[in-house]
Amino acid sequence: MFDSRWDAGLDDAQLAAATHGDGPLIVVAGAGTGKTRTLVSRVAALIDRGVDPERILLLTFTRRAADEMLARAAAICDRRDAARKLWGGTFHAVAYRLVSAHAETLGLSPALSVLDPADARDLVDLLRHEHGLAGGAQRFPRGETLLDIYSRSVNTTQPARDVITELFPWCEPHTAAILDLFRSYVTRKRTQSLLDFDDLLLGWRALLTDPGLGPAMAARWDHVLVDEYQDVNQIQVDIVRQLRPEGAGLTVVGDDAQAVYGFRGADSRHLLELSADLPAARTVCLEQNFRSRQQILHLANAVRPSAGGQRLQLRSDRDGGSRPRLVRCHDASAEARLVVDAVLDAAEEGRALKDQAVLMRAAHHSDLLEIELTARRVPFVKFGGLKFLEAAHVKDFIASVRLLDNRLDEIAWFRLLRLHDGIGPAKARTLLAALGPGEPDTELRHPFVVAAAPARTRTALAGTLDALTAARQQPTVAARAERILEMLRPLLTVRYPDHAARLADLDRLVSAAANSPTLADYVANLTLDPPASTSDLAGPPHLEEDFLVLSTIHSAKGLEWNCVHVIHVIDGAFPSDMALSTGTGLTEEQRLFYVAATRARDELSIYTPLRMPHHRRAYDDKHSYAPASRFLDDTAIATMDIHEDRPRNAAARIPASTAVRIALPTLDELWT
DNA sequence: GGTAACTGGGTTTTT
DNA sequence: CCCAGTTACC
């Protein structure tokens, strides 16, 4: 069937990329230019050309992208069964697979645990106390800040000292103590076989740079394809270079104008410099956009930052439709009202809610909108922001599961112990010492731990420890997960007032875990690829339902909708005020705006509230036609239609600058 | 000495 | 609205 062939409907540039031979290939793909399709076609072409699928590695940015590509490759490949065998996943997921397979080589116990960022922060906080740095005379940086410094240093291979000087100057007085704490953090993780996200990449890189093992591991694959290369950091670059030292069999796809992970140590220069590093590389530019109407691309091209990057002009054959709308509204609640009006109008005209999306810079920007949607009974699902994994009960469950295999996992023990009444941080620390988690026969010490606990909690604690032992002896994944849940049930019931909903979450988690080969792998992968929305685990029933999508722009990367509403486009919110002070920060915000605008197929609306709490800037009648966000300069505005939302009752609108001051009564008469 | 309950300040983006 | 620091209580 010709239709399902991988080359069906590819344009010249896409075809060139798909059929390129074995030399290094760089695909610069503007937004909506069929990047995924090209990559998938290339994979299919390789397989049809006889490349063994098990020797193809496809590295993507998210698990969702990996799954989608693997499924699509299987669908258009002549050898469908073959396509299922290829290696695919995020850098972190593949790293986990390889590092856990070679744990002993790296001096780790095979029962290793993956720390999510919150666990890592807990560990840093613990060390902060141990080093006597908490609550001293002068404030010591918080665990989260410390981890930011640490992670940035690791991901950019820049000495922590320099990172502190350049990006965290207010922490400089504590530099020595911070470096000391980092040393403890590293050793503590090693002795307990704990790996944070950065360690996974470091572990993989270490395996690859080993003179004996490295070349053998790299030789496992003939082709390595990397998606979203503008968002890789230095370690990931090192990994890729070790995998394909000469560049043969390497394909990277990216767009420097869509680099939005600088805060994580990514740098789009890695993409831009690759052609210099690999002179043999062929570069293919994709500029034909298949997603959006040309009206929308006029705006996209106007805001696309070009300085120092690839000059690329998106063009579309899709004419017609309307120009992007710039909606100037009174304040955030007017914005919420107008968005819901527009969404419902479109729905009235037959547009499904699912074809529409609301995008924002920060997860909390949709707070008011969510209230409005709930009040007007519009179903929605939110991506990004509050993550399922951050919910305390889920963390409790995952920590408990980790303890089944890795008894050294201090952070997990700490969490489980503190679930008991009367056990706080300090008591947990003593109990941990009584447990001697280093011993292989931890169970023999259980009675001592119970004895050391406060009297009122001994029964419960004994029950927990017994349940843990019992769970370890269960033969199947399902039975083990079930036992853990039964162990937690009474503890969570007394701890959380809303325990019913929380336990229901865990029921879903337990049934999802049952399909995994091992429970440890299940939680590790859950940690690395958290469900994108809280409803993700709910499964199929949601697929038939119609709902509006709310998403951070970061989480919306790679997705598209017919109608897109971008809210809170005002200096201080978007661009974020955190980024306003630095040029690089501001450019990254602008790239983010480019990403947001290019998610829309047919209709795009940009909302700019003129009056924001804490953002004093824009509300002034005399300047009411000035752009409220620096993204919206004259060039950008020239591509849009401006909609003014005048408050219904003009008298109710008092310009802040001329507002009459009314003193609050002092109620003095009441105090005499 | 350590836990639990209270209070007040601050809030980006994610593998 | 969540977290850190503080106070009151065991």
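Strand E2 (residues 56-60) runs parallel to E3 and is joined to E3 by 4 bridges; two strands pair if DSSP finds at least two bridges between them. The names come from DSSP runs numbered from the N terminus, with helices (H or I) of at least four residues and strands (E) of at least two. Residues are numbered from 1 along each chain as its sequence is written, while chains are lettered from A and ligands numbered from 1 in the order in which they are written. In this predicted model, local features need pLDDT of at least 70 and side-chain atom pairs count only at pLDDT 80 or more, whereas totals for chains, interfaces and linings use all residues.

Let us step back to the sheet around that pair. The sheet is open, with 6 strands in the order E3-E2-E6-E7-E1-E8 and parallel pairing. Strand E3 (87-90) and strand E8 (282-286) form the edges, each pairing on one side only. On average, neighbouring strands here are turned by 15 degrees against each other, direction ignored; axes are lines fitted to C-alpha atoms, for helices over the stretch in contact, and angles run from 0 to 180 degrees between N-to-C directions. Helix H1 (residues 12-19) packs on this sheet, touching strand E1 (25-29) and E8, and its direction makes about 145 degrees with that of E8. Contact is taken as C-beta atoms, placed from the backbone, lying within 7 Å. H5 lies across E2 and E3, at about 115 degrees to E3.

H5 also leads us to a helix pair. Helix H5 (residues 91-101) packs against helix H10 (residues 197-209) at about 60 degrees, with the axes 9 Å apart. That angle makes H5 oblique to H10; under 35 degrees counts as roughly parallel, over 145 as roughly antiparallel, 65 to 115 as roughly perpendicular and the rest as oblique. Among the residues in this contact are Phe91 and Tyr96 of H5, along with Trp204 and Leu207 of H10. By class, the contact has 10 nonpolar, 2 polar and no charged residues, where Ala, Val, Leu, Ile, Met, Phe, Trp, Tyr, Cys and Pro count as nonpolar, Asp, Glu, Lys and Arg as charged, and the others, Gly among them, as polar.

Now for the domains. An automatic or database assignment sets the bounds, and for chain A it gives domain 1 (2-97 + 200-290), domain 2 (113-192), domain 3 (295-379 + 546-646) and domain 4 (389-524). The centres of domain 1 and domain 2, taken over C-alpha atoms, are 34 Å apart. In their contact, 7 residues of domain 1 meet 6 residues of domain 2.

Further along, there is another open sheet to explore, with 7 strands in the order E13-E14-E12-E15-E16-E11-E17 and parallel pairing. Strand E13 (380-383) and strand E17 (641-644) are its edges, each pairing on one side only. The twist averages 20 degrees from one strand to the next. Strand E11 (residues 325-331) pairs with E17 in the parallel sense over 4 bridges, and Arg328 has Glu644 of E17 as its bridge partner.

Most residues other than glycine have a negative phi, and most peptide bonds are trans. Ser193, in the loop between helix H9 (175-191) and strand E5 (194-195), has a positive phi near 55 degrees. A cis peptide bond joins Phe574 and Pro575, with omega about 5 degrees; Pro575 lies in the loop between strand E15 (561-566) and helix H26 (583-597).

Definitions and conventions
Contact = placed C-beta atoms within 7 Å.
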